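Have the model open beside you and try each task before reading its solution.

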Amino acid sequence: MSSFVSSEFVPFDQIAPTAREGGAPGPGTRGTVVVFAGQDVALGGASTHFLEAALGTVKDAAAIARFKGKSATVLDLIAPAGVAADRLLVVGLHAEKPQPNAFLTLGGFVMGKLKQAAPVTVIFDVPDASNEQAADFMLGLKLRAYRFDRYKTKKKDDGEGEAPVSVRIAVADVGGAQLAGGRRDALSEGVDFARTLVNEPPNVLFPVEFARRVTELQKLGVDVEVLDEAALEKIGMRALVAVGQGAEHQSRVAIMRWNGAADADAKPIAFVGKGVCFDSGGISIKPAAGMEDMKGDMAGAACVAGLMHALAARNAKVNVVAAIGLVENMPDGNAQRPGDIVTSLSGQTIEIINTDAEGRLVLADLLWYVQDKYKPVFMIDLATLTGAIIVALAHEYAGLFSNNDELSERLFAAGTQTGEKVWRLPVGPAYDKLIDSKFADVKNTGGRHGGSITAAQFLQRFVNDTPWAHLDIAGTGMGSPHDETNQSWGSGWGVRLLDRLVADHYE
Ligand code: MN
Ligand code: ZN
């Protein structure tokens, strides 16, 4: 359960009498009631019943405020006469063009209006709304409520964040909503897990600590194996180890396995994450401005860990293997140099042109390892890989690169459904000449033009024939603009997208 919101679904008939007979020992104890209104402030039956004598007051207030029930608008009434609530929110629903994830957004919107810890009752009598949509609404509430304030020692004086907000959601079909809500609870936990990993400072969340937090997933039944540097050397992951060789903090790889399919031997699907816990750029050091954001250069690995949390918590009927590469990229006497040539696990040699193009070195060894060892149905990697993807797509879409049309189309569809959108960009042999090296098999940068594409083209050399997709999340995994369901710097982007992909096609 989310530590920011405690929620339960209840039947409509529990609401009206409780709210009315609850008495009023003093202001603040009766809490907030939320009702929904369609076009021209049309109310559902349960809301009408609850408001009863106060209907005229609400209609008058709506007219004065010119509230017409449009989506993303709200009529906010404090202590309205005749209503058994300290505060009544009438939330607009009417949209000319309904969005696929409208109820998720609605939940976020409503939570954005709530804040203080007073109890909340939502009368969810939305015409034609399914149990899935009621559950999406609840998920939206929870995602919006996430906070990362563990390093703030002074509390706010408006009561925000003191205790979890307790929300009752009254629905027509409690059992159905609870069933749909269970999967959403797993998702909100997974997203919050990912967000916190991204938000943690790099002096706290270094590779060994990241790996330790991932081992906590064992409680959910995830099998976790952590490989230390000696093990990585022995396997031959020289490209990955070389990235961390200038850091005091040791590198780690964590392999997570979830076997939920009816056939325990069914081929797994695979996820791979870039986990550069801090990226200074190494010897090719970055400029100082904004370098603090490079604590988030592990957002790909955080998403993969959050996804494993979500899949395990909801008992997904699928076999999954996930590999995350955890390193710190630092300048030091032992750091790798531009001009170095490393031999990757695949046997291909890589000339280091720029030590700041380190994520693809981590991924190269992981992708090769996963396809060779586990023979997965597909591999999807997530990485805050290039600034160039923000130049191309801003913060709206993640870049999608793939050698497989079916996988790409499925990802695109899941993106539309969840609002975690992906946009496909090309890879192909024409780009190979940009990364061919004078001295080795490949070089680790392809110059300024098509920087996200040449990074993906580099990765493709390490996937063999496995169906593969690469998601460049540099613009979406951290520092993305806040929206109705995310107010956190680390967004947890991708957990909901990939959970949907799995649920729709691989269970
Ligand atoms: Mn870098
Ligand atoms: Zn990086």
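What spacing do the donors of the manganese ion (ligand 1) follow along the chain? Before you start, note that this is a predicted model, in which local features need pLDDT of at least 70 and side-chain atom pairs count only at pLDDT 80 or more, while totals for chains, interfaces and linings use all residues. Residues are numbered from 1 along each chain as its sequence is written, chains are lettered from A and ligands numbered from 1 in the order in which they are written, and side-chain values use heavy atoms, leaving out hydrogens and water.

**Exercise 1: the manganese site**

Task: find the protein donors of the manganese ion (ligand 1) and read off their spacing.

Solution. Start with the donors (N, O and S atoms within 2.8 Å of the metal, or 3.2 Å for Na, K and Ca; water is not among the atoms, so sites may look incomplete). They are Asp 279 (OD), Asp 356 (O), Asp 356 (OD) and Glu 358 (OE), 2.0 to 2.2 Å from the manganese ion (ligand 1). Along the chain this gives D-x76-D-x1-E. Next, check accessibility (buried is under 20% relative accessible area, exposed over 50%, partly exposed in between; 1.4 Å probe, protein chains only). Asp 356 is partly exposed at 23%, whereas Glu 358 is buried at 1%.

**Exercise 2: the zinc site**

Task: describe the arrangement around the zinc ion (ligand 2) and its link to the manganese ion (ligand 1).

Solution. First, list the protein donors: Lys 274 (NZ), Asp 279 (OD), Asp 297 (OD) and Glu 358 (OE), lying 2.0 to 2.5 Å from the zinc ion (ligand 2). Second, look at the angles: the 4 donor atoms subtend 85 to 177 degrees, so the arrangement is irregular.

**Exercise 3: the nonpolar core**

Task: which residues have the most contacts inside the largest nonpolar core?

Solution. Such a core is a set of buried Ala, Val, Leu, Ile, Met, Phe, Trp, Tyr and Cys residues joined through side-chain atoms within 4.5 Å. The largest one has 63 residues, and those with the most contacts inside it are Phe 210, Met 256, Phe 271, Ile 380, Leu 411, Leu 471 and Leu 498. Apart from it lies another core, of 41 residues, including Ala 242 and Leu 345.

Key:
Tetrahedral: all angles 85-135°; square planar, octahedral: opposite > 155°, others 65-115°.
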